[in-house]
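Visitor: I am new to this structure. Please show me how to read it, feature by feature.

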Amino acid sequence: MSSTVVHALYNDDDILMDAVKKTRAAHHHIEEVFTPFPVHGLDKAMGLAPTRLAICAFIYGAYGLGFATWLMWNIMINPSGGWPQDIGGKPSFSYLQNMPAFVPVMFEMTVFHAAHLMVITFYMRSKLWPFKKAENPDVRTTDDHFLMEVAVKNNVEELTSFLQNTGAVEVKVVEKH
Amino acid sequence: MYTFSSKLKTLSFVLMIIGVLGIGYGFFSAPKNIQDVETMLKAEESHHGSTHTEATAHHTEKKEAHAEAEHKEHTEHVFHQLQNKPWAALYVACIFFMLVSLGALVFYAIQQVAQAGWSPVLFRVMQGVSSYLLPGSIIFFVLLLLSGFHFNHLFIWMDKEVVAHDELIQGKSGYLNFPFWIIRAIVFLVIWNTYRILSRKNCLAQDESNDNTFYKKNFKLSALFLVLFIVSESIMSWDWILSVDPHWFSTLFGWYVFASFFVSGITTISMVTLYLKSKGYLENVNSSHIHDLSKFMFGISVFWTYLWFSQFMLIWYSNIPEEVTYFKTRIEQFNLPFFGMVFLNFVFPFLTLINTDFKRIAPIVVTAGIVILVGHYVDFYVMIMPSTVGTQASIGVSEISSVLFFLGLFIFVVFSTLSKVPLTPKRNPFMEESKHFHY
């Protein structure tokens, strides 16, 4: 199934921001915006939902802390299954008694899990991997141009002239497959 | 322009009056002589029941004589502890509030030197909070003098009797002697107060000037202050806090004390800002400013915990007898405050202030702020009490009323300073940026 979209190219992020606001006000659906660098406030202007990555990271951190505790308890303390030996007089009778010695490990494991699992989550959610085919509609968008992709509802002519008026340097009608 | 509300003024006076009465009661009810303690201990013993008596009946006479000497020593020990109690309560509250205002002053100096673009709208609040430094340090200095003239036994190295029998303290007497100690105190208090007064003066002069001369002056002054501060702060923490334990030493102690009062100072700035904002006085302060302050509260709380743990864990791990006694007494006699403050100063602020949205919600920030301030009072309590009052320590009338007195004085001084000049500086080079600060 193929659909028609309009690509409007801009060469300034301020003009792009204005265009996004106007387009949203005119109730055209913005499919995607491609920019060479993060444009501050663009997500708010587009009305994108805030990210939940930080919440994920917190949960991963809690998991890492739990994992470290479980690991150290089973190795250093657990009387059935671990090796609770006297190493230099450290009290290995209970986890709490020897806890200060485990804190560096618990801290690092928390940070490790929070960081790495969050990054992997980010890759998965944004569909990034080493041999991924680039989805760039126009090579200039990685250099100095901004591209807004708008879905066509019914009237292509009207939409293109509307986008021309938002300060676009180029407006293209594209068939998407 | 802020007007000191009469309600708040009344509150501060009520706090001070209750505080003074409570402090007076604390001194009045402290035992005057050994006999008082003797009768008190007897009354306590009879409370505990007569189980001891049968067991002690079997002792030989020789042992009994020995026990008597021991008992006498014990009574004398308890007597000194009880006599110290109201003094130590006063000392902890006094140094805590003084250092809170010093923490705010340091934060202010850092903001100046870092040329922070967000904070100039809060400079007058910071100056207000740090204005308690002068009255606070005067009272504190008087307390130091009273200790030096043997009105109390907070610092055992000042007692000639003790030093005569203590080779460890004798070895340190080149540093720990009253004249040198009090001169250091004068130097530090003068440095801090001079910076505060000059910086405030420059800031007000900058309002009326046509160029940025006074701003630049303040920049240089703040940089100089920060250098002097970090040196004086380190020595101050040895002199006023570490030296109540003249047998113990720790290298990162100065940093630890700094983190404790720095986070309290930032928290106080945040809470005063929120109060003034809620009364409609700070029209340029938005939720992003609150957010930034909350981030600092969060971050420095974690920093405090890092130092607390590092100091504790290094000593716990190696367990060298001459170092470990410090934590042994704290864990055995002050278990709840010692570990409870880790909850108050770390776990609670960590879990409440980690959320971005929560950092902007006033009731949550105020709750976290109160918990942090209580936690750091407990921190100072645990630093001072075990070696001055020991097993007789408790949070009672003396402790609470000392806090109330200094809280009342703090509120009075801070808010009367705030009401003296407009709350927004007029022409700071970063003012426009600060007004439109958005995060």
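Guide: Start with strands. Two strands pair if DSSP finds at least two bridges between them. Helices (H or I, at least four residues) and strands (E, at least two) are DSSP runs, numbered from the N terminus. Here, A:F146 in strand 3 of chain A is the bridge partner of A:Y10.

Visitor: What should I know about the model itself?

Guide: This is a predicted model: local features need pLDDT of at least 70, side-chain atom pairs count only at pLDDT 80 or more, and totals for chains, interfaces and linings use all residues. Residues are numbered from 1 along each chain as its sequence is written, chains are lettered from A and ligands numbered from 1 in the order in which they are written, and side-chain values use heavy atoms, with hydrogens and water left out.

Visitor: In which sense does strand 1 of chain A pair with strand 3 of chain A, and over how many bridges?

Guide: Strand 1 (residues 3-10) pairs with strand 3 of chain A in the antiparallel sense, over 6 bridges. Strand 2 (residues 30-34) of chain A also pairs with strand 3 in the antiparallel sense, over 4 bridges. There, A:I30 stands opposite A:V150.

Visitor: How many residues of strand 3 of chain A are buried?

Guide: First the cut-offs. Buried means under 20% relative accessible area, exposed over 50%, partly exposed in between (1.4 Å probe, protein chains only). In strand 3 (residues 146-151) of chain A, 6 of 6 residues are buried. A:F146, A:M148 and A:V150 point one way. A:L147, A:E149 and A:A151 point the other way, and all are buried.

Visitor: Now salt bridges. How many does the structure hold?

Guide: The general idea is this: side chains of opposite charge can pair when their charged atoms come close. The rule asks for a side-chain nitrogen of Lys or Arg within 4 Å of a carboxyl oxygen of Asp or Glu. Over all chains, the structure holds 12 salt bridges.

Visitor: Where do A:E170 and A:R140 lie?

Guide: Their side chains meet in a salt bridge, at 3.1 Å from N to O. A:E170 lies in strand 4 (residues 170-176) of chain A, and A:R140 in the loop between helix 4 (99-125) and strand 3 of chain A, so the pair ties together parts that are 30 residues apart in sequence. A:E170 is partly exposed at 27% relative accessibility. A:R140 is partly exposed too, at 28%. A network of salt bridges links A:D138, A:R140, A:E170 and A:K172.

Visitor: And in chain B, are B:D239 and B:R184 buried or exposed?

Guide: B:D239 is buried, with a relative accessible area of 0%. B:R184 is buried at 6%. They form a salt bridge, with the closest N and O atoms 2.5 Å apart. B:D239 lies in helix 10 (residues 213-240) and B:R184 in helix 9 (residues 178-208) of chain B, so the pair ties together parts that are 55 residues apart in sequence.

Visitor: With which residue does B:R330 form a salt bridge?

Guide: With B:D245; the closest N and O atoms are 3.6 Å apart. B:R330 lies in helix 13 (residues 321-333) of chain B, and B:D245 in the loop between helix 10 and helix 11 (253-278), so the pair ties together parts that are 85 residues apart in sequence. B:R330 and B:D245 are buried.

Visitor: How do I read the meeting of the two chains?

Guide: Count contacts, meaning heavy atoms within 4.5 Å. Here 8 residues of chain B are in contact with 9 residues of chain A. Then take the buried area: the accessible area (1.4 Å probe) that two parts lose on being put together, summed over both. Between chain B and chain A it is about 680 Å², with 82% from carbon and sulfur atoms. B:F309, B:W316 and B:Y317 supply 63% of the area that chain B buries against chain A, more than any other three residues.

Visitor: How many salt bridges are counted between chain B and chain A?

Guide: The count is 0 salt bridges. Helix 12 of chain B gives the most to the side that touches chain A, with 5 residues.
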